[in-house]
Amino acid sequence: MTSTSTPPGLARFNDLEERTAFAALHEACASTTWVRRLIAARPYATAEQLYDASDAALAELTAADLAEAMAGHPPIGRPRPGDPVSAREQRGMAGASDELKAEMLELNLAYQERFGHVFLICATGLTGERMRDAVKERIGNAPEREREIVRAELGKINRIRLARLVEEDA
C-alpha cells in the first residue's frame with residue numbers, strides 16, 4: 001500500500017518561512033530566478049514534483065540567470081574554504097596528484113577565458129581524471145553547445161542538492 005502523504009523532509013521544506021526557503025534554495029542554486037520559481041510553486045506533494053519544477057525553471061533561465069547560477073560554483077579542484085557542499089561534490093579531486101591539480105587549474109583558466117564562466121560539471125562521483133578529460137573535451141565546443149551542456153550539468157547538480165535538502169533526516 002502506498003502512502004499519499006508528503007514525505008517528512010519535503011513537508012518540512014514546504015513549511016519553511018519564505019526567507020528561510022529562499023536561503024536554502026539559493027545555497028542549492030545561485031540563480032535568484034530559479035529560487036523564486038521554486039518558492040512560488042510550493043507546496044510540493046512529492047520530491048519528483050520539486051525536481052520537475054526545478055527542471056522547468058532551469059529550462060527558462062536566461063543567459064544572465066545562468067551566469068548568476070554559475071557564479072555560485074567554485075572552479076573544479078578549488079572548492080571554497082569552509083564549504084562542505086563543494087568539497088563533497090568535488091571529492092574526486094581531493095586525492096589528485098599535484099600534477100593533475102596544476103593541469104586542472106590551467107584548464108579551468110583556459111575554459112573560463114574561452115567561455116567567460118567557470119567550467120561546470122556535475123562532479124559527484126567523478127574522478128579527477130574524468131573531470132580533466134571532460135574539460136579537455138568540452139573546451140572545443142561552440143559557445144551555444146557549451147551553454148546547453150552547462151544547463152544540463154546544472155540541472156543534475158540542482159537535483160542532487162534538492163534531494164539532500166528534502167531528505168527526511170536533514
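How much space lies in the second largest pocket? The second largest pocket holds about 150 Å³ of space. The structure shown is a predicted model, in which local features need pLDDT of at least 70 and side-chain atom pairs count only at pLDDT 80 or more, while totals for chains, interfaces and linings use all residues. Residues are numbered from 1 along each chain as its sequence is written, and side-chain values use heavy atoms, with hydrogens and water left out.

**View 1. The second largest pocket and its lining.** The lining consists of A63, L66, A67, M70, F115, H117, P143, E146, R147 and V150. Helices α5 and α10 each supply at least two of the lining residues. Helices (H or I, at least four residues) are DSSP runs, numbered from the N terminus. On a 1 Å grid over the protein atoms alone, a pocket is an open set of points with protein on both sides within 12 Å along at least five of seven lines, a cavity is a set of points where a 1.4 Å probe fits but cannot get out, and lining residues have an atom within 4 Å of a point. Grid points are joined across faces, edges and corners, and a volume is the space filled by probe spheres set on the points.

**View 2. The largest cavity.** A search of the whole structure finds one cavity of 30 Å³ or more. The volume of the largest cavity is about 100 Å³. Its lining comprises 13 residues, of which H73, I76, E89, Q90 and I121 lie nearest the centre. The elements giving two or more residues to this lining are α6 (84-89) and α10.

**View 3. The stacked pair F13 and Y44.** F13 and Y44 form a stacked pair, 6.4 Å centre to centre with 25° between the planes. This pair links distant parts of the chain, 31 residues apart: F13 belongs to helix α1 (residues 8-15), and Y44 to the loop between α3 (32-40) and α4 (47-59). F13 counts as buried because its relative accessibility is 2%, where buried means under 20% relative accessible area, exposed over 50% and partly exposed in between (1.4 Å probe, protein chains only). Y44 is likewise buried, with a relative accessible area of 4%. R42 lies over the face of F13, at 5.6 Å from the ring centre; a charge sits over a ring if NZ of Lys or CZ of Arg is within 6 Å of the ring centre and within 35 degrees of the ring normal.

**View 4. The aromatic residues Y111, F115 and F119.** Y111 and F115 form a tilted pair, 4.7 Å centre to centre and 45° between the planes. Both residues lie in helix α8 (residues 98-115), four residues apart, about one turn of the helix. Both Y111 and F115 are buried. Together with F119, they form one aromatic cluster.

View 5. N158 is found in helix α10 and counts as buried because its relative accessibility is 0%.

Notes
Rings of Phe, Tyr and Trp (its six-membered ring) pair if their centres lie within 6.5 Å; planes under 30 degrees apart count as stacked, over 60 as edge-to-face and the rest as tilted.
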